[in-house]
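Here is a short briefing to read alongside your structure. Keep the viewer open and follow along, topic by topic.

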Amino acid sequence: MIDLSAFQDALGIMFSSVGSWGWIVPGLIVGLVFSAIPGISITMAMAIVLPMSLYMDFFSAIVFLTSVYTGAGFGGSVPAILMNIPGSPSSFATTFDGYAMSKKGEHNEALGYALFASTICGIGGYLLLLLVVEPLADIVLRIGPVEMFAVAIWGMLLLGSLGSTYISRGLLAAAFGILLGTVGMNTAGFTRGTMGIPVLLDGIAPIPAMIGLLAAGQLLSLAGRDYIIEAEGAREVSVRRILKGCWGTLKFPGVLLRGSIIGIVIGAVPGVGSSIGNLIAYAETKRTAKDSATFGKGNPKGVVAAESAVASAEGGSMATMLALGIPGGGATAILIAAFMMHNIVPGPSFIETQKPMVYAIILNNIVQAIVLLAVGIGFIYVASNIVRVRTRYVLPAILVIATLGTYAVTGETAGPITLFVFALLGYALARYQYPVAAVVVGILLGRMLETEFLRSYQLSGGNPLYILERPGALAIFAVMFASLAMTAWGKRKQNKAEAEEEAAMLRLQQEDAARGAHTTASKG
Amino acid sequence: MTDFTRRDAFKITAGGLAVAGGLVAMPSIVRAANYPSRPINVIVPFATGGYNDRLSRAFMPYLEKEIGQPMVIVNKPGAGTQLGNSYALNQPADGYSILCTSAAPYIPLTVLLQNAPYKVEDFAMLNLPSRDYTLAATSAGSEIKTFAEVIEKLKADPGSLSIGVQPASADYANMILAFQAAEIDPTKLRIVTYDGGGPARNATAGAQVDVGFVGGEGFLPLKSKIRPLAIFAGEKVDWFPEAPLVSESGLKTDFVEGSQRGWAVTTKLRNEQPEIYKFLVGAVERASKNPKAIETLKLQELATTWYGPEASDKAYLDNAAKMAKYVDLLK
Amino acid sequence: MRIGRHTYAIDYGHLTLITLIAVAIFWYLLDARSVSLSINNILLVQPVAIFALAMYLFILPQCFRKVDAREMAKAPAEQDPLSPTLPSERSDMIRMAALGISLGLMVVLLDVIGFDIALFLFTAAAMAICGERRPLHLLIFSLVVTVVAIYGFRALIPFPMFTTIL
């Protein structure tokens, strides 16, 4: 729990170093701009500004870098919403409803929803972190392969909510995606399906593949249009409507809470980060929502769910980093490097001896999230002007940036080539009504599924009863099945109600018809 | 109308790029000599944030001062350093690209196990300051206290303990060698494979596996969460003095040294441009002996020890020979 | 095609797509099995591949349709909200194909003619495909995009880019 005297000291650090607050806005802007470019990862953005932070004092450096991190957490949702290009796997679920809203001309609102969900849950994540930074870190270390396998399965449940016309095609697409995700060297050191190409040893790069698959269906089809949004009146950019979206977020406290919890716990697990949390949060929200049929067609709850999980994951991975010195992903690895450049080694001893500093860092992140509200509104106001540029200018530029972005992932032309190959595949799949999103989910989760399944098998020696020794995994499966069962039950009730309603309508109609027959009869 | 918005849309990009551009351009000290006359690329065949990346970034300012040119770090991760190594070999042998890498055991491993299209001898070491060793460890709360206990338990029942290790690594070879020496059948063990040292360490510290075999240096920040059981080194390791040597457990086993990290160039450069090679050796030597560099890097737990090219090359080639000897254990 | 009393229409495009996917999966399974039959290798790959091949056999009949049943099949099914909608007009299709081909050419040529020239040519081509006809606009905008993209990304990413002019 929170240590009050350390907390007071932390406030002291915060206010005695007000000068370092000045780094918040530049940091946020750098993070927002970089992460809005597809393919430029948070890690890369932070690696670029890292040398600059060397010349600052420790607290300023950390404020600056964590601001970049905070800004980058939201920036990815801008291209996801406006152009259906997720800049990183963590904004994939944002595209589902975000882009659908944009197509309807509700891009202002969609960005507003995303921004508020992102900041509120960012703040929530850090507040929770303030209370439980140490126990959370210990729990995280205990999360083993069986638990992670359960989480991966949970992520795959998203497929159920993709609702394709043909279930068989959806399943084939998902299985194909999973297999694509397992290409290369697996965790036990076996190499499959590389055709002797060295780049494939690490597997198919997910970001180029994802952009390719999604771009084929949407981006290339924009060629025939004059503007991204067809209706002329819908192309306005309005702060009022952005604020309306921001405000609207507050109407979904349940969605925010669920997304945050999923995001924090999964985001804290080293090596997994936020790329799966958003999928689970989206699927859970859609499945439990009363209006689940409108998800994917521009339901703001879809945007809120996805973004809340992404934003709160940041707090989770900061907890792992501060308390254990373990990087949850590339971004926290850079943060650790920055700590070390100032001769501070994060980890168990740091959190024991320097608790006020840890609290001050967390508190500052909360301040950053609040500042992000203002900076973010300005940023999305500028960024959404893209819908007012004619496609003949914007489309070539976006395609060039996306191509260079895929090159930026590994620095090989393999990236752009992957983009193109998957664009063709994506086009063919969309043409014959295969859910492209199922392939993406497969690619994103395939490796994790195999790795964790394999480790569970190795750990248990092949004995399935081993799961009984892992209460955590049992709990995850229990929550998952309970959620599934409750939805099924709810659906049944809903169907029943609908059936009754229909029957009542039918009766009314019949009565109407009968009366009509009467009247005609009496007339005749 | 269009003009205005177009400019607006670009303003964000351009603004961001300008910031970034300003950051990257660093003041350069221009020297009259022919070499080096332009910035030098440092190829790091790992992603940002790893040991080599941190080492290169921390050491760079001191090396820049000796070389007199700015340096640019080029991260080329992938395929167990094979992509970065191939990339380095494809650059012209003009001294404008040098490597900062975990030369051993990664270069021999890519050659032995991945049929990489180069030879171990294609790389020439400048200096390999960081020497890591395999550490067998368990979580701090574990009931296991010594490595002898591990051996005893596994002898009685090879499935009684789970073991976390990275396949096709020096750690894996050491684990198999130790268990063979103890006459334990490795095929009956419950071996859990991890695709890197980091995940294997986390699994060890979190008691997901009972014993982990993984490079010891990375454990330093997690020291309080683990109990070292045996370190596979010939003598006490100065950065982890409390770790008992594997020989102290009474087990007589051969072992492979762990990662040897540091600075290297291509052999082609050494042979074709001996002047440039000598210049680079001198620069690395002076930078490594710079007291300020030593102090700064020590605080970040990064190594600066000067072994020199001959000793580094010997250590690297010895490691490669040993890897080749035990390659069958790794497959 | 006639089988018995029924006339069948074959959806060749669909048939080609799923057969290609099935062949790829089958090859992948064989490749994985040729590496090792150890459970550590095929634990997930083998069952998923077999499942996918079973799905292929299940979908295969959907490529053949009775002609008289065709009208029924064309009844407006509910569109999957998450699957992208493709343009149906002929001119749009041609534009999309042209843009796709230019993208492919650019990707292949990046390393051959340099990033700068490839990007410039692609931008100009893409603008032309999207309807820009004024030569000055084509030239200037493509130049701006190329210069900003090359210099911008050079500053952003830790990898060198092969360029001919810039």
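Over which residues of chain C does pLDDT stay under 50? The stretch is residues 69-81 of chain C, for which the model has twelve contacts beyond four places in sequence. This is a predicted model, and its overall scores are ipTM 0.86 and pTM 0.80.

**Chain C: confidence and make-up**

- The average pLDDT of chain C is 83, and 83% of the residues score at least 70.
- Within chain C, helix H4 (residues 70-73) has the lowest confidence, with a mean of 47, while H3(C) has the highest, at 94.
- Chain C holds seven helices and three strands, and reading from the N terminus its elements run β-β-α-α-α-β-α-α-α-α.
- Of the 166 residues in chain C, 33% are buried.
- If you take the contacts in chain C with a separation of 6 or more, 56% of them join residues 24 or more positions apart.

**Where chain C meets chain A**

- Here 62 residues of chain C are in contact with 65 residues of chain A.
- On the chain C side, helices H1 (12-35), H2 (39-42), H3 (45-59), H5 (90-113), H6 (115-129) and H7 (135-156) each supply at least two residues.
- H5(C) gives the most to this side of chain C, with twelve residues.
- By class, the side of chain C that touches chain A has 44 nonpolar, ten polar and eight charged residues.

**Where chain A meets chain B**

- This contact takes 50 residues from chain A and 44 residues from chain B.
- Several helices of chain A each bring at least two residues to the side that touches chain B, among them H2 (24-35), H3 (42-53), H7, H17, H18 (391-410) and H20 (436-460).
- The chain A residues on that side divide into 30 nonpolar, 15 polar and five charged.

**A helix pair in chain A**

- Two of the helices of chain A also pack on each other: helix H7 (residues 107-142) and helix H17 (residues 355-383) meet at an angle of about 175 degrees, with their axes 9 Å apart.
- H7(A) and H17(A) are therefore roughly antiparallel, since angles over 145 degrees count as such.
- From H7(A), the residues in the contact include A:Leu111, A:Leu115, A:Gly122, A:Tyr126 and A:Val133; from H17(A), they include A:Val358, A:Ile362, A:Asn365, A:Leu372 and A:Ile380.
- Between H7(A) and H17(A), the contact has 17 nonpolar, four polar and no charged residues.

- Is strand E1 (residues 40-44) of chain B enclosed or open? Five of its five residues are buried, so E1(B) is largely enclosed by the rest of the structure.
- B:Ile40, B:Val42 and B:Val44 point one way from E1(B), while B:Asn41 and B:Ile43 point the other way.
- In a regular strand, side chains alternate between the two faces of the sheet.
- E1(B) pairs with strand E2 (residues 71-75) of chain B in the parallel sense over five bridges, and B:Asn41 stands opposite B:Val72 in E2(B).
- E1(B) also pairs in the parallel sense with strand E3 (residues 97-102) of chain B, over three bridges; there, B:Leu99 is the bridge partner of B:Ile43.

**Chain B: a five-stranded open sheet**

- Five strands of chain B form an open sheet in the order E7-E6-E8-E5-E9, with mixed pairing.
- Strand E7 (190-193) and strand E9 (226-231) of chain B stand at the edges with a single partner strand each, so one side of each has no neighbour in the sheet.
- From one strand to the next, the twist averages 30 degrees.
- Strand E6 (residues 162-165) of chain B pairs with E7(B) in the parallel sense over four bridges, and B:Val165 stands opposite B:Thr193 in E7(B).
- Helix H6 (residues 170-181) of chain B packs on the sheet, where it touches E5, E6 and E8 of chain B, and its direction makes about 135 degrees with that of E8(B).
- Helix H7 (residues 197-205) of chain B lies across E5, E6, E8 and E9 of chain B, running at about 145 degrees to E8(B).

Definitions and conventions:
Residues are numbered from 1 along each chain as its sequence is written. Chains are lettered from A and ligands numbered from 1 in the order in which they are written. This is a predicted model: local features need pLDDT of at least 70, side-chain atom pairs count only at pLDDT 80 or more; totals for chains, interfaces and linings use all residues. Two residues are in contact if their C-beta atoms, placed from the backbone, lie within 7 Å. Ala, Val, Leu, Ile, Met, Phe, Trp, Tyr, Cys and Pro count as nonpolar, Asp, Glu, Lys and Arg as charged, and the others, Gly among them, as polar. Two strands pair if DSSP finds at least two bridges between them. Axes are lines fitted to C-alpha atoms, for helices over the stretch in contact, and angles run from 0 to 180 degrees between N-to-C directions. pLDDT is the predictor's confidence in each residue, from 0 to 100. Angles under 35 degrees count as roughly parallel, over 145 as roughly antiparallel, 65 to 115 as roughly perpendicular and the rest as oblique. A residue is buried if 20 or more other C-beta atoms lie within 10 Å of its own, exposed if 12 or fewer, and partly exposed in between; C-beta atoms are placed from the backbone.
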